[in-house]
Amino acid sequence: EAGPVDQMLATCLGSRQHPTKDVRDAFRSAVAKLALTLPESLEQASPGASEHRVAVARHIVERLCNELQLRTPGAEKLTLEIFKEWDYDVVAVCSPSPKYLVQGAKDLPEDQQSPLSALAHSTLALLCAALLSPLLAHRYTDLRHTLAVCLQNGPSSDRPGTRHKLGADMKQIVEVCCAKLAAGADAAEHERTVACRLLLDLLFFHLRSDSVAAPAKWNTAAWDHPRNYEWAREGKVPMLAMTRAHFIEAIHALGVVKVVVDEVLLLERAAAHAQRQHTKEHDAARWMRLELLRFIHVEADERTDLTVTFQILEELWRWVPTEVCCKWLRVLADSGEALNEAVTARAFSELVCGAELPRLGKQGFNCFEALFGEINSRTSTDHPRGRMQISGREVVHKGIKISGQNLVRRRVSWFCCTGLRRNVGTITGYEDSAAREKDPFDFENDEMFEGRNKTNQLVQLKDLFDCHVVEDALSPSDLKAFVIEDITIDLDHQFGCNLVGMDQLWRVAIEALDDGAAARAWDLLLALSRKLPDQFIQDFLHQVFLEIKPLDKEAVAMTEAPLEGERGGGGRRNLRISRALSLLQTLVEAHVLDCDAQGVLPHSACARGQPLKVTIKCSPKLRPRPPQTAKDKDKDTGEAARGGEEEWTEEVHSNLRLKELVQRCAARLSRDPERVGLRVGSDAVLEGRGRTLGALGIEDGAVVTAVAKEAGGKGEQHSAATVLRAMSVADTEGVVARRFEVLLQRLEDEEAAGAGECDEALQQQLWTVLQALPSSGPILASVTHALHHNEAWEEGRGEEGIWRAAYRWQMVLALLLPLSPPHGEEGERRSAGLAQCALRHLLALLPALCHKGGRWCSPARLSWQVALPVLLQVLKVILNTLLLSSGEAGEGPEVVSCGIVMEMVLEAVTMVCAEVEEGQARCR
């Protein structure tokens, strides 16, 4: 009767206290057995007893379902005990027909089938309550598996006859989940989160619409319950017949999209009110809802007419953090074709490139770059080939719109039909070769499975089953969106192209507070420069120097306000200057690396560097061969020669370009320089033949191996447009000269700010950029003229500032130590004359640096620490040149006053030592 059953339930749930735990456990086991009502056991009893048994079981299940929803203590233990008694196989309880009722209890009267159906409905409700209850959150996986089995074998499951309509059981579950979400704040947050998770699982319980006709062995489902794998292999768990697209169409009719969007906004408002927006739990709950929203839109087909609207994106952007919105939008753009062209263009211009552009972070720039490539690669009437031609963003699967090398480091998942499980992991490599045509990817599984290695070769993604992009905590934050193949040239527009978003890209490169986002923008601008004409470099330099040059007072006031989140408190103006200098340096260094034939050296490499002795070892294929006859020249040049030297020493200097060292080795080996490469140790062949040996890290005594390489190696091809060329052309209008003047003037302006206000980090950047650019033509001409004609050199004595003096004296050093040393008596006489003239100027300048009362003598300042080594190095070269000259001529230099020189140098050394003792590590 109901009374005794209720008393037993009260004891199990703790409302009736009992002194011993064993008694409560015994009552719990008894109630579980009463709830066990299998059709096989009912057919052995009389009709009256069977009906009574079903009624008791239904009473227990409904009462327990209510207690679970009320979070009554002890309800979870009793629920687990009942499921344990059922051995988690509630198919027999939830689904008494057709499989069990017809085969196992077919002799039961029809009037007993109705109570069984009611019991099945109640049991399914209990299963829903258990799934949504926070008391049973730790058993969600087992309960989800049980639900999957029930839905696939129940009397109202999605059989082939009902493929386009939700079965009663499935509809009941979906309606419960939607009701929880629609309840909003009236439902617990945990219940709403699990409702989203359950809807996501229900979505993947179904096959994709394009896979219904798959082989029979594929028509099985597997989740993370091990026992289900065995049942699936035995063919006992058929896949739900309703396709995934039809399932989405059905739940869309129930308004699931709106309730999920409202749920995301409700979660954010509640988190903002409770000030817990940045906790891991909140981030996970928010991403669960956004993932459900993504998969609903990605997996829907054209019949549903379900695409992400701009209104949805606008609502999300209003409440959800920008970085999270950008990450979700980028994953959505990488997942097939859920975004139409109009929404993509509007989202890019109004949301991604909106007022928050300077605060764009790494995830934000990932989204910016993906949409930038997406929009500019689309064809139109005005641009039949698109504004830009890219590769790596082809749709290879319904859930993936990335291909080739761009998939490396991406996270993906797919359903393994042989192992009957969903594999999740990271693509670690890609090889585009004939040998790896069928399995070009290297894939690392997150989990180890029996009989499989953690890292395996992977087939083309289009050949996988139910494949998706995965975005989780292991996903990288610096993703590559596409590869630029070509750009449509349009000289009527700035930068020589008409790309959508170029102005915004420049703003990110200059204004971004996040260093990573700014660096990514520089890389994209560099990639564009390699495909665009000289106009790009000219416009680029124009924009950079507009940022660096001094502004009038009104413009400065508009840009000096510090931005929220900016480090260092330098204000927006200094941030923009720093970003512009870093962008300029990025392009300069990349162009030197890529272009070996430019013949233009940076300012820091114009003088002969430190002498080096490098040992060259020859690989067997490059052994020198005897002179070839005309007949021999037709033979294969790659054939190894026998005999000849295998090792020799080259005397070089640190500012020698890699190209010149390669040419020396090739000449000695009688080889084509394009087919000779150099490497240090076991490293790869050195790239960037325009770089100096010092920049490549080759030191005195290094051992370098000459190896054979293919002509025109990767990374050696480049367009004619480079920053170095643009800054060293014939300057008829004085544009280039004014650009150097901007850099030097900015240095002097910072120096004039005085101690405490001078931004030394910015000074260091300016000086580094000056060293990376070629020498200023007008300044070099004036220095050369003054030294050769022994004329007065007012600027050299420092009337224009310490930084300008240091820059000029570096040019003096280049004239005294040319890259090619002078030969013969005439060359040595000329060098001695230059040294004599330079010394007169230097002696007049040293007191300003080395005497404590000197105008530039401030050892704590960066300017002093940069200028003093330059002048001391010049002094050393001058003395060496003059002493060598006097030794050969038999007479001493006329103007050398060793006492004065030694006094000033020793005083400078004393100040350097004092600075070192005070912790000034920059002093050397």
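These legends accompany several close-up views of the structure.

The model is predicted, so local features need pLDDT of at least 70 and side-chain atom pairs count only at pLDDT 80 or more, while totals for chains, interfaces and linings use all residues. Residues are numbered from 1 along each chain as its sequence is written, and side-chain values use heavy atoms, with hydrogens and water left out.

**Figure 1. The whole chain, to get your bearings.** The chain has 33 helices and eleven strands; helices (H or I, at least four residues) and strands (E, at least two) are DSSP runs, numbered from the N terminus. Of its 924 residues, 52% are buried, where buried means under 20% relative accessible area, exposed over 50%, and partly exposed in between (1.4 Å probe, protein chains only). Among contacts (heavy atoms within 4.5 Å) with a separation of 6 or more, 72% are between residues 24 or more positions apart.

**Figure 2. An open sheet of five strands.** Follow the strands in the order S5-S4-S3-S2-S6, with antiparallel pairing; two strands pair if DSSP finds at least two bridges between them. Strand S5 (455-458) and strand S6 (468-470) are the edges, and each pairs on one side only. On average, neighbouring strands of this sheet are turned by 45° against each other, direction ignored. For that angle, axes are lines fitted to C-alpha atoms, for helices over the stretch in contact, and angles run from 0 to 180 degrees between N-to-C directions. Strand S2 (residues 411-416) is joined to S6 by three bridges, and valine 412 has valine 469 as its bridge partner in S6.

**Figure 3. The two faces of strand S4.** In a regular strand the side chains alternate between the two faces of the sheet. In strand S4 (residues 441-445), Phe441, Phe443 and Asn445 form the covered face, whereas Asp442 and Glu444 form the uncovered one. Five bridges connect S4 with strand S3 (residues 421-430), where glycine 425 is the partner of asparagine 445. Four bridges connect S4 with S5, and here glutamate 444 stands opposite threonine 455.

**Figure 4. Two loop residues with positive phi.** Aspartate 466 is found in the loop between S5 and S6, with phi near 55°, a positive value in a residue other than glycine. Its relative accessibility is 8%, so aspartate 466 counts as buried. Serine 670 has a positive phi of about 55° too, although it is not a glycine; look for serine 670 in the loop between helix H25 (658-669) and strand S10 (676-680).

Figure 5. The 15 residues of helix H21 (residues 515-529) should span 21 Å at 1.5 Å a residue, and the end C-alpha atoms are 21 Å apart, which agrees; the expected span is 1.5 Å times one less than the number of residues. Buried residues of H21 include Trp522, Leu525 and Leu528. At the helix start, a side-chain oxygen of aspartate 514 comes to within 2.9 Å of the backbone nitrogen of glycine 516.

**Figure 6. Around phenylalanine 540 in the largest nonpolar core.** This core has 203 residues, of which Leu528 and Phe540 touch the most other members. A nonpolar core is a set of buried Ala, Val, Leu, Ile, Met, Phe, Trp, Tyr and Cys residues joined through side-chain atoms within 4.5 Å. Helix H32 (residues 862-889) supplies the largest share, twelve residues. Beyond its neighbours within four places in sequence, phenylalanine 540 is in contact with Phe495, Trp506, Leu583, Leu584, Leu587 and Val723.

Technical notes:
Polar contact = N/O pair within 3.5 Å; in protein donor to acceptor, adjacent residues only side chain to side chain.
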